[in-house]
Amino acid sequence: MNFSITKRARSITFGLMILGVLAAVVGIMGDHTEHHQRTWASLLVNSFFFFGIGLGALFFFALQNATETAWSVLVKRVFESLFSYLKWGWIPLVIVFIAASLHMNHIYHWMDHSLYHEYMVGEGHDAHYVDQLEAGAVANPNYDTIMAGKKAFLNVPFFWIRTIAYLATFIFAGYWFRKQSLQMDKETGDSLVKRMILNYKRSALFLVFFAVFSSILSWDWIMSIDAHWFSTLFGWYTFAGMWVSAMISAVILVLYLKRKGYLPQVSNSHIHDMGKWVFAISFLWTYLYFSQFMLIWYSNIPEEVTYFQDRINNHPWLMWGTFFINFAVPMVLLMSRDAKRNPRFLIFVGTIIFIGHWMDVNMMVMPGSLGHHFHGIGLVEIGMFLAFLGALIHTVLTALTKAPLTVVNHPYLDESVHHQI
Amino acid sequence: MANKVIYAVYEDPEQLKDGARKLVSNGIKVKDTWSPFPIHGIDPIIGVKRTRLAIAAFMYGITGTCLATLGMWYMNIFDWPMNIGGKPSMSYYQNVPAFIPVTFEFTILCAAHGMAITYMIRNKTLPGMPARNPDPRSTDDKFIIEVRTGDNHGHSAEAITSLLRETPVFEINERQY
């Protein structure tokens, strides 16, 4: 059965986008930070958060292939449609990076090349920077020894090489997996099994790249905002956030489709399994978040602890609220079996955690890029959130219409239909 | 007529499920099933009540949380105040991150052990208890349905057996009890 977008869904998504853009525009007019820094920072927050949903879905899809999981075959198309967002989701991210490279915004402090040279000749805009003391050169007051030590990794050309490598890999992987999945619908017998094994191998290969890239991209795109600070757990923590956001989006999407009468074979057991994933990954996120926090809090080393001092002293609500929502809410509300099998309840809790993880990305990006100009989430952030949400829903629903909602042929389809827990 | 217990032996869990469905749809109460591994979806067919093990586990977990908190508070704050991570505030609340790992581990420890022990007591499978398994083959490759005539007064043993013969049953054993 093919999915078709209802008029109501279409008008709601466009309404969200228009409302979001309007709110963002009103907010941006009130943005008096230097270089419209706040606008750029919230663009980064939202493009990263929603790109992360696509990425989490792509990861989970590959994971299901690589582990040859049977139960999820019925909801495969939902994950395919979620990662189809990657096709467009990279554009706003790249816009932010281009603007940062051209110094139109100062989100990435390390992109200022004057930090890296010990001496300078001349003054003001005409100054040029040198590494060796020469005639007429004076000490560069901007010189930053810590940043100079990170130059081998944090420099604009290498940043772009990495960014292009990630984006190309993810977009190509998404395209390839989708193509394979559609091809499987047309095949039966031996060729179908062969294709599944090919998918299994390629997914395993992709997961290796994903493991490295997901970690490094979080250093590049997010952690380097606070360029003096670093945390070895940051990559995993960001990745857990992406994954849980993707799982929540998938659950809500499946429940929406079921409510509209699609996916008749998806039973309570499938919903229960997806609920378990949301529950489990929420705990993974909590575990990583807390491990990072506790080690830094415990050792109390000045260069590490500044990150949390800023957030605890200036944005306690964001800091603790995020932790509370993303940990306590799923723990208390999703623990019982009945809760994970109740669609309304799952959507309610899922929406709360979804917003919680968006706030988490705000907490990663905003204090570092805005400093004391960050006064909490306002019209700009919420407007952009709604606009991106509308764009995500639109892309996902459009992708759902392109292929039968339930896969036609898959070696594990029968097992998935009879899945019972 | 003495009460009889009938054991229907199957070679496949799906066949056992079909057999159990057939019995239940004819109004026959299935006492229990025996299998080498859990058969998914058998509980609603033979009408096994939802387990309350989860509630017990929650209770054990909460007990663990409370005990761990109380113990650490007594040892590290009250009886012998500790300087935790260079922050000598001597308060539990301000040092709570340092106590979380132990609280977490002790909660899991109590919940897991409590759950395992409760499960074994409830199933009468504590080490040293006599085995209640009717047929040792059900620990290897056979799947067995147990039906008692005492539970099914409306049906004779012959009627139940002939009903079972219609399913792909491997063998049927009857015993007095």
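Q: In chain B, what share of the contacts between residues at least 6 apart in sequence join residues at least 24 apart?
A: The share is 75%. A contact here means that the C-beta atoms of two residues, placed from the backbone, lie within 7 Å. The model is predicted: local features need pLDDT of at least 70, side-chain atom pairs count only at pLDDT 80 or more, and totals for chains, interfaces and linings use all residues. Residues are numbered from 1 along each chain as its sequence is written, while chains are lettered from A and ligands numbered from 1 in the order in which they are written.

Q: Why is B:Y10 called buried?
A: A residue is buried if 20 or more other C-beta atoms lie within 10 Å of its own, exposed if 12 or fewer, and partly exposed in between, with C-beta atoms placed from the backbone. B:Y10 has 25 other C-beta atoms within 10 Å, so B:Y10 is buried. Of the 177 residues of chain B, 18% count as buried.

Q: Which residues does B:Y10 touch, not counting those up to four places away in sequence?
A: They are B:Q15, B:L16, B:G19, B:F143, B:V169 and B:F170.

Q: In which element is B:Y10 found?
A: B:Y10 is in strand 1 of chain B. Helices (H or I, at least four residues) and strands (E, at least two) are DSSP runs, numbered from the N terminus. By this count chain B has five helices and four strands, in the order β-α-β-α-α-α-β-α-β from the N terminus on.

Q: How do you know that strand 1 and strand 3 of chain B pair?
A: Strands pair if DSSP finds at least two bridges between them. Strand 1 (residues 4-10) and strand 3 (residues 143-148) of chain B run antiparallel and are joined by six bridges, so they meet the definition. Strand 3 also pairs with strand 2 (residues 32-34) of chain B in the antiparallel sense, over three bridges. B:I144 of strand 3 is the bridge partner of B:V9 and stands opposite B:W34.

Q: How does the radius of gyration of chain B stand against that of a compact globule?
A: Chain B has 25 Å, whereas a compact globule of 177 residues would have a value near 16 Å. The radius is taken over C-alpha atoms, and the globule rule is 2.2 Å times the number of residues to the power 0.38. Along the principal axes, the C-alpha atoms of chain B fill a box of roughly 80 × 30 × 30 Å.

Q: Which domains does the assignment give for chain B?
A: The assignment gives domain 1 (4-49 + 134-176) and domain 2 (53-122). Such bounds come from an automatic or database domain assignment. Taken over C-alpha atoms, the centres of domain 1 and domain 2 of chain B are separated by 45 Å.

Q: Why is helix 3 of chain A called largely enclosed by the rest of the structure?
A: Helix 3 (residues 76-83) of chain A has eight of its eight residues buried, so the helix is largely enclosed. Among the buried residues are A:K76, A:F79 and A:F83. The buried residues of helix 3 pack against several helices of chain A, including helix 2 (37-66) and helix 14 (379-401).

Q: What makes strand 2 and strand 3 of chain A edge strands?
A: The open sheet has three strands in the order 2-1-3, with antiparallel pairing. Strand 2 (128-130) and strand 3 (137-139) of chain A each pair on one side only. Three bridges join strand 1 (residues 119-121) to strand 2 of chain A, and A:M120 has A:Y129 as its bridge partner in strand 2.
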